[in-house]
Amino acid sequence: MKDEVKVLSPTAILGYGFPRESLKEGLARKPDVIAVDAGSTDPGPHFLGLEPEDLSGIGQFGRVIRADLEPLLEASLVAGIPLIIGSAGGAGGTLHLMGVVYLIRDIAEKRGFHFKLATITAEFDQGFVLERLRAGKVEPLGPVPELTEDEVRRSVRIVGQMGVEPFIEALNMGAQVIAAGRANDPAMFAALPIKRGFDPGLSLHMAKILECGAIAADPGSGSDCLFGTVRRDHFIVEPTNSARVCTVRSVAAHTLYEKSDPWRLYGPGGMVDLSRVRFEQDGPRHVKVTGSRFVPDSVYRIKLEGATRVGYRTICIAGIRDPGAIAHLDEMIEETRKRTVEQFAEVPKDEWELHFKVYGRDGVMGRLEPRAEAAHEVGLLIEAIAGTQELASSICMFAHTIILHYGFPGRLSTAGNLAFPLSPEDIPCGSVCRFNIYHLIEVDDPVAPFPIEITEV
Amino acid sequence: MSKLRLREVAKIIRSKNAGPFELTLDVFFRDKESFEQAESSGFFTPSLIARLYGISDDEVLSITWFEPAHALKITIIRPLPSGSPGDTDVFGAQQHAPLLELTLPWNG
């Protein structure tokens, strides 16, 4: 058996791009696999809650995803190594995955590529989640309410984060290219090392560092490559771009990124315990890591993410420069809320919402903002959410007219309190979702919930 | 003992979502000595963070010291889940500013 597995991570997220030289340098090191993460919950619940009638699954991302996919597909085929894409299309639902699969097929057809493609879906049907919920096999993850049957039924889509097992299964089936729905970020990078018998703690910790591309290098970048080599008792990470280096600090720092606990990296089936980890500067540009240990859970749990539709949003953006208007802004907002409630009295109160954000004061931090003073001019974002786009627009328009003409004490500027930068003043924004499931579900088999389909392209 | 602002002994001060329901704040100290002094000072407590952000102590989930990166990690409950109606910062990337100006007692 070879005593190492080499993994090339071209970029932090498929579509973020990478210098062609960095890819070339990475390929010159003869990687055993190219793996890339293609999604996240970061952009919010909207993408997970997409309905087929909304924009196409990957919409505006298609162009940049294609720009990355084409050289990666080519590199994988030329080198004869697998290309593994996880959380395809962002949220990792089947709709999103199929958007990426369409691009893969389209590129293959235009370039005359032929290969064995595995697609792995990650959607969980409501019936399965309900059955597990009733059996007491679903629990909240962090500061999240207990899941209810109503919330499950309300969800537009539920995805589960797959671990390495479905990827290993697809590799065993001979897949050259794997495109998967929602996956635990490190799974794509750790699958081949674990399949070849390397330590899961080292493999998963290396994968956690690789999954964000060169963000773990110095200077860091999400649009550049990182190269990892796992051996029997350690792993090494190094950027392929000679303008960057990995330092103990840059690699150790990345271990904290987007995680609540830096000492334990939780994932499907267990956690990586870093209490005995050692980072060493093993050369001018690479860091050696030892001591990462995998601790399996007694039951196999998968993280579920679900989104539900709240309604439709219309916004209005306006500026305020009059010092009197700024001083009386809270009063104007309160009065506007009151008048809007009266105006839309026939609509049940729990079927619409009105939000105001005051930029230049506390628009960024809301209730976490410790400073109270406002700037000499402020931006106001008025946001109405209701059951239909038309109702949201009516509410937004009504609210902006109340503020526009509100007569605060001492007002001299009787022509209007708001400066609108745009016409139309009220902008329909489409559907609004919220995350309503963020729970762990216990499963008997790590592969079965993630159906694998092999096709010849 | 004099006072200084946290930004004077830190290389990185940042915030980010840790999943859609938690917000995590990272402070990377400029060197081992600064890290050790900050950790041993006992200055960083849940009630300090609660006061700084106008939240209750229970909303501060953890304060963790990570020696390999000379880093302090503070995790709090998000006021609203990421992207829910009323949320102000979907990625949670601009919630670190109060830490920049935090003044702490310091030796040397």
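Author: Helix α11 (residues 329-343) of chain A packs against helix α12 (residues 389-404) of chain A at an angle of about 135°, with axes 9 Å apart. Axes here are lines fitted to C-alpha atoms, for helices over the stretch in contact, and angles run from 0 to 180 degrees between N-to-C directions. Helices are DSSP runs (H or I, at least four residues), strands likewise (E, at least two), numbered from the N terminus.

The angle makes α11(A) oblique to α12(A). Angles under 35 degrees count as roughly parallel, over 145 as roughly antiparallel, 65 to 115 as roughly perpendicular, and the rest as oblique. The crossing of α11(A) past α12(A) is right-handed, that is, the near helix is turned clockwise from the far one by less than a right angle.

Now the residues. From α11(A) come Met332(A), Ile333(A), Thr336(A), Arg339(A), Thr340(A) and Gln343(A). They meet Ile395(A), Phe398(A), Ala399(A), Ile402(A) and Ile403(A) of α12(A). Contact means heavy atoms within 4.5 Å. By class, this contact has 7 nonpolar, 3 polar and 1 charged residues. Ala, Val, Leu, Ile, Met, Phe, Trp, Tyr, Cys and Pro count as nonpolar, Asp, Glu, Lys and Arg as charged, and the others, Gly among them, as polar.

Past α12, Pro424(A) lies in the loop between α12 and β18 (426-443) of chain A. The peptide bond from Ser423(A) to Pro424(A) is cis, with omega near 5°.

This is a predicted model: local features need pLDDT of at least 70, side-chain atom pairs count only at pLDDT 80 or more, and totals for chains, interfaces and linings use all residues. Residues are numbered from 1 along each chain as its sequence is written, chains are lettered from A and ligands numbered from 1 in the order in which they are written, and side-chain values use heavy atoms, leaving out hydrogens and water.
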